[in-house]
Amino acid sequence: MEKGPFSVEWLAQSSRGGAREMPGESRPVPRKVPLETPPSVPADSARDREAAERRSPAHGAVSAGAAPGRSRTKFSAAQLQELERSFREQRYIGAGEKRRLAAVLNLSQSQIKTWFQNRRMKFKRQTQDAR
């Protein structure tokens, strides 16, 4: 018996890949595309090499809960004093002040930005706890 298009039997076979095409209809032939692995690129700069070392499994013993990457920055008392003074003047740091602090304190601009974000959260917690 010929199975009509869209009959239960035809649909069941089509889900298994055994259905015949409808007259005048052709299915596209799937092409297999080989998966290519990207060529390994040698590290060009010292920063690239350091980043590759941090990602490698043989790099130092890392505690179970710690995420791989930068170690925690320990700010000096002088750095903290200058950062706190700047925070008291203005809670949100501008680009110019961020550059100035980074140069004066010998820190990166991203460290300055992160310190201000963390300090604002600490300030928020302290003001909420005081209520």
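In helix α4, which spans residues 95–105, four residues are buried: Lys-98, Leu-101, Ala-102 and Leu-105. Seen down the axis of α4, these buried residues fall within an arc of 100°, so they line one face of the helix. An α-helix has 3.6 residues a turn, so residues three or four places apart point the same way. The model described here is a predicted one.

The face of α4 turned away from the buried side carries Ala-103 and Val-104, which are exposed. On the buried side, the residues of α4 pack against two other helices, α3 (77–89) and α5 (109–130). Just after α4 comes Asn-106, which takes a positive phi of about 55°.

How many aromatic pairs does a search of the whole structure find? The search finds four. A pair of aromatic rings is described by the distance of the centres and the angle of the planes.

One of the pairs is formed by Phe-87 and Phe-116; this pair is tilted, with 6.1 Å centre to centre and 55° between the planes. Phe-87 lies in helix α3 and Phe-116 in helix α5, so the pair ties together parts that are 29 residues apart in sequence.

Phe-123 is partly exposed, with a relative accessible area of 25%. Together with Trp-115, the residues Phe-87, Phe-116 and Phe-123 form one aromatic cluster.

Trp-115 leads on to the next feature, the largest pocket. This pocket has a volume of about 530 Å³. It is lined by 15 residues, and the closest to its centre are Arg-72, Thr-73, Phe-75, Trp-115 and Asn-118. Which elements give two or more residues to the lining? They are α3 and α5. The largest share, seven residues, comes from α5. Sorted by class, the lining has three nonpolar, six polar and six charged residues.

Terms used: Residues are numbered from 1 along each chain as its sequence is written. This is a predicted model: local features need pLDDT of at least 70, side-chain atom pairs count only at pLDDT 80 or more; totals for chains, interfaces and linings use all residues. Side-chain values use heavy atoms; hydrogens and water are left out. Buried means under 20% relative accessible area, exposed over 50%, partly exposed in between (1.4 Å probe, protein chains only). The arc is that of the directions from the helix axis to the C-beta atoms. Contact means heavy atoms within 4.5 Å. Rings of Phe, Tyr and Trp (its six-membered ring) pair if their centres lie within 6.5 Å; planes under 30 degrees apart count as stacked, over 60 as edge-to-face and the rest as tilted. On a 1 Å grid over the protein atoms alone, a cavity is a set of points where a 1.4 Å probe fits but cannot get out, and a pocket is an open set with protein on both sides within 12 Å along at least five of seven lines; lining residues have an atom within 4 Å of a point. Grid points are joined across faces, edges and corners, and a volume is the space filled by probe spheres set on the points. Ala, Val, Leu, Ile, Met, Phe, Trp, Tyr, Cys and Pro count as nonpolar, Asp, Glu, Lys and Arg as charged, and the others, Gly among them, as polar.
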